[in-house]
Amino acid sequence: MINHLPAQKNLSNTRLPVINQTGQSWQRQLADSIDDIDELLDILQLSALKASLYLPKQFGLRVPRGFVNKMRIGDAHDPLLQQVLPRMQEQVTVTGYVTDPLAENSANPIQGLLHKYRSRILVTVTGACAIHCRYCFRQHFDYQSNIPSKQQMAEIHDYILAHPEVNEIILSGGDPLSVSNRRLIEQLKVFESLPQITTIRLHTRLPIVIPERLDEVLLAYLSHSRCKIVMVLHTNHANEVDTHTANYLSEAKQAGIILLNQAVLLKGINDTLQAQTELSHKLFSVGILPYYLHILDKVSGAAHFDIPKYQAVKLYWQMLEELPGYLVPKLVQELPDQPFKTPVDLYQSR
Ligand SMILES: *Cc1c(COP(=O)(O)O)cnc(C)c1O
Ligand code: SF4
């Protein structure tokens with residue numbers, strides 16, 4: 001379960017919030033996200049869609065207004081809209097789709113810490129996200145009991161000291177950038193204080209859905225970090241990156257942050273050669289390199305986004321033919337028992 005995010009009240013460490021075209025700080029935009037289906041359908045002039053939707057009790061509709069602005073009015077097949085619409089199909093039970101597809105609940109030595117891959121540790125900073133992606137593999141994850149408290153941050157610190165093979169920290173969630181700068185910087189300081197840590201990575205979708213999140217305070221802090229800072233964004237379609245978004249990403253780039261992207265292969269959203277090449281070229285044009293293209297994790301409620309493996313492989317061969325090597329993301333899937341993201345076998349099903 002992912003929490004519904006309360007309005008962010010703590011602005012103490014933020015200077016004057018950066019103002020966007022709509023005149024709203026990122027905190028306001030986060031608090032003002034659309035969670036009412038009628039309002040969303042009304043804005044997009046798609047009220048007729050209502051009959052194919054439902055109102056989830058948990059992990060409900062949640063989408064920032066700026067992201068909605070990137071959707072096409074009147075287009076029920078809009079690739080951005082598809083990612084957030086709670087469809088009736090979510091309620092259909094499909095064999096093989098489960099609530100914890102990665103068996104993460106068992107790689108969890110301390111609350112908030114996942115240590116599945118030898119040299120990297122993943123810390124779930126928060127359960128909150130600015131947007132609720134319907135295919136999210138962590139939508140049923142028990143975050144409530146998985147956010148580290150102060151005490152547990154101390155335990156995580158000691159755990160890392162006892163594991164000298166760890167040299168990289170990945171802040172994830174939820175979305176690690178949905179917390180205040182004050183809280184985030186507090187945590188970054190803990191990790192920066194460990195000499196063995198060379199790299200800090202942020203897995204975040206926030207700069208795509210609310211670009212103003214890349215505010216001055218955050219970028220100034222990150223640009224002076226002792227560690228290499230890598231931001232792995234999550235963008236599935238070229239339309240998610242407009243000029244406004246690109247301007248903020250360029251600030252991040254200037255702050256010395258390495259920008260990568262991970263996408264999920266989603267039926268009807270980005271499962272064509274055109275969608276994938278446009279995405280790679282758009283990312284590159286704003287300074288982001290494609291990193292991973294994930295095969296959908298078999299999480300219950302997301303079966304309608306899945307495509308057969310052989311189709312994914314076929315598409316990938318086409319991408320290899322069409323794109324320069326540095327714009328082809330690695331096609332991977334996450335298997336519960338593997339100590340890395342597993343490359344999809346391109347020959348087996350050709
Ligand atoms: C994806 C992931 C990582 C990072 O993997 P990379 O291949 O280094 O990007 C680390 N830990 C967990 C639990 C992950 O799911
Ligand atoms: S931003 Fe990531 S973690 Fe949050 S709902 Fe979307 S896929 Fe899940």
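**Reading pockets, cavities and domains**

Tutor: Start with the class make-up of a lining: the largest pocket has seven nonpolar, seven polar and three charged residues there. Ala, Val, Leu, Ile, Met, Phe, Trp, Tyr, Cys and Pro count as nonpolar, Asp, Glu, Lys and Arg as charged, and the others, Gly among them, as polar. This is a predicted model: local features need pLDDT of at least 70, side-chain atom pairs count only at pLDDT 80 or more, and totals for chains, interfaces and linings use all residues. Residues are numbered from 1 along each chain as its sequence is written, chains are lettered from A and ligands numbered from 1 in the order in which they are written, and side-chain values use heavy atoms, with hydrogens and water left out.

Student: What is a pocket, and what is a cavity?

Tutor: Rolling a probe the size of a water molecule over the atoms shows where empty space is left. On a 1 Å grid over the protein atoms alone, a cavity is a set of points where a 1.4 Å probe fits but cannot get out; a pocket is an open set with protein on both sides within 12 Å along at least five of seven lines; lining residues have an atom within 4 Å of a point.

Student: Why does the largest pocket lie between domain 1 and domain 2?

Tutor: Both domain 1 (14-91) and domain 2 (104-343) give residues to its lining, so it lies between them. The bounds come from an automatic or database domain assignment.

Student: How many residues of domain 1 are in contact with domain 2?

Tutor: Contact means heavy atoms within 4.5 Å. By that rule, 31 residues of domain 1 touch 37 residues of domain 2.

Student: And how many cavities are there of 30 Å³ or more?

Tutor: Four. The largest cavity holds about 790 Å³ of space. It is lined by 39 residues, and Phe137, Arg138, Ser172, His203 and Gln262 lie nearest its centre. Ligand 2 sits in the largest cavity (more than half of its atoms lie within 2 Å of the grid points).

Key: Points joined across faces, edges and corners; volume = space filled by probe spheres on them.
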